[in-house]
Amino acid sequence: MNYFVKTISASVDSMSRRVIKFLRFGKSDVQTGIEALAYGLDSNPIKDMVAVYAETSEKGKVAIVGYLNKNQKAQPGEFRTFCTDSQGVEKFYTWMKSDGTIEIGGNVNFAVKYNELVIEFNKIKTDFNSLVSIFNAHTHILALSSGTGTAAPSITQGTVNTSDITQTKNSKIKTI
């Protein structure tokens with residue numbers, strides 16, 4: 001038989017299983033059950049979440065098989081994960097959307113493709129340094145009081161760009 005219950009707390013036991021303490025039929029009916037989630041997921045419910053529990057074939061043993069989500073926003077075909085503070089206020093999310101995009105914590109900025117950025121940055125750097133070399137090599141004719149002139153290099157010299165953006169690469173996050 002399946003029931004809706006309200007969570008009280010959660011802890012991890014000596015076998016690395018999450019044990020959920022919950023109220024079943026009233027204030028004095030405090031029970032515990034092992035949480036069952038899809039493989040690869042690990043979440044810890046906040047107090048007062050409404051959980052679904054089911055009895056198992058082992059007498060007196062129950063499993064928490066899910067929670068009633070108050071933060072549902074995903075549309076058909078989408079997958080969303082999120083975390084909250086202890087009051088249930090959403091703090092961060094990832095959202096794989098049906099249009100083929102993913103939002104990581106928001107949708108007001110963009111990630112960059114690092115390899116392409118390096119190529120374009122290096123083109124700008126090369127062009128700039130070529131202009132600096134041309135500027136530094138050019139000369140001016142200085143008029144002397146005798147009426148003759150001599151060639152002299154520019155007094156102000158340009159500085160080549162030695163910027164390096166390799167430290168901006170985050171090798172922990174990969175993309176297309």
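Predicted model: local features only at pLDDT ≥ 70, side-chain atom pairs only at ≥ 80, totals over all residues.
## The second largest pocket

The lining of the second largest pocket divides into twelve nonpolar, ten polar and six charged residues.

Strand 5 and strand 6 each supply at least two lining residues. Strand 5 covers residues 62-67 and strand 6 covers residues 79-84.

## The largest pocket

The largest pocket has a volume of about 1100 Å³. It is lined by 26 residues. Nearest its centre lie A111, V112, K113, I173 and T175. By class, this lining has ten nonpolar, eleven polar and five charged residues.

Helix 1 spans residues 114-137. The largest share of the lining, four residues, comes from this helix. Strand 8 and helix 1 each supply at least two residues of the lining of the largest pocket. Rolling a probe the size of a water molecule over the atoms shows where empty space is left.

Seven names make up a nonpolar surface patch: L37, L41, F79, F92, M96, I102 and I104. Strand 7 (90-96) and strand 8 (102-104) each supply at least two of its residues.

I104 lies in strand 8. Is I104 buried or exposed? I104 has a relative accessible area of 54%. The cut-off for exposed is over 50%, so I104 counts as exposed.

## Salt bridges

How many salt bridges does the model hold? The count comes to nine. Among them is the pair R18 and E35, whose closest N and O atoms are 3.3 Å apart. R18 lies in strand 2 (residues 18-23) and E35 in strand 3 (residues 30-35), so the pair ties together parts that are 17 residues apart in sequence. Both R18 and E35 are buried.

R24 forms a salt bridge with D29. Their closest N and O atoms are 3.0 Å apart. R24 is partly exposed, at 27% relative accessibility. D29 is buried, at 14%; the cut-off for buried is under 20%.

K73 pairs with E90 in a further salt bridge, with the closest N and O atoms 3.9 Å apart. This pair links distant parts of the chain. K73 sits in the loop between strand 5 and strand 6, E90 sits in strand 7, and 17 residues separate them. K73 has 40% relative accessibility and counts as partly exposed. E90, at 25%, is also partly exposed. Salt bridges that share partners also join R18, E35 and D42 into one network.

## Two positive phi angles

S16 has a phi near 65°, a positive value in a residue other than glycine. S16 lies in the loop between strand 1 (2-12) and strand 2. At 63% relative accessibility, S16 counts as exposed.

D48 also has a positive phi, near 75°, and is likewise a residue other than glycine. Where does D48 lie? D48 is in the loop between strand 3 and strand 4 (50-55). D48 has a relative accessible area of 35% and is partly exposed.

## From F92 to F128

F128 belongs to helix 1. In sequence, F128 and F92 are 36 residues apart. In space, their C-alpha atoms are 41 Å apart. F128 is partly exposed, with a relative accessible area of 40%.

Methods:
Residues numbered from 1 in each chain as written. Heavy atoms only, no water. Patch = residues over 30% accessible without salt bridge, like charges linked within 9 Å, V, L, I, M, F, W, Y side chains within 5 Å. Areas by Shrake-Rupley, 256 points an atom, 1.4 Å probe, with all protein chains shown as cover. Salt bridge = Lys/Arg side-chain N within 4 Å of Asp/Glu carboxyl O. Buried < 20%, exposed > 50% of the residue type's maximum accessible area, 1.4 Å probe, protein only. 1 Å grid on protein atoms, 1.4 Å probe; cavity = no way out; pocket = protein on both sides within 12 Å on 5 of 7 lines; lining within 4 Å. Points joined across faces, edges and corners; volume = space filled by probe spheres on them. Nonpolar A, V, L, I, M, F, W, Y, C, P; charged D, E, K, R; others polar.
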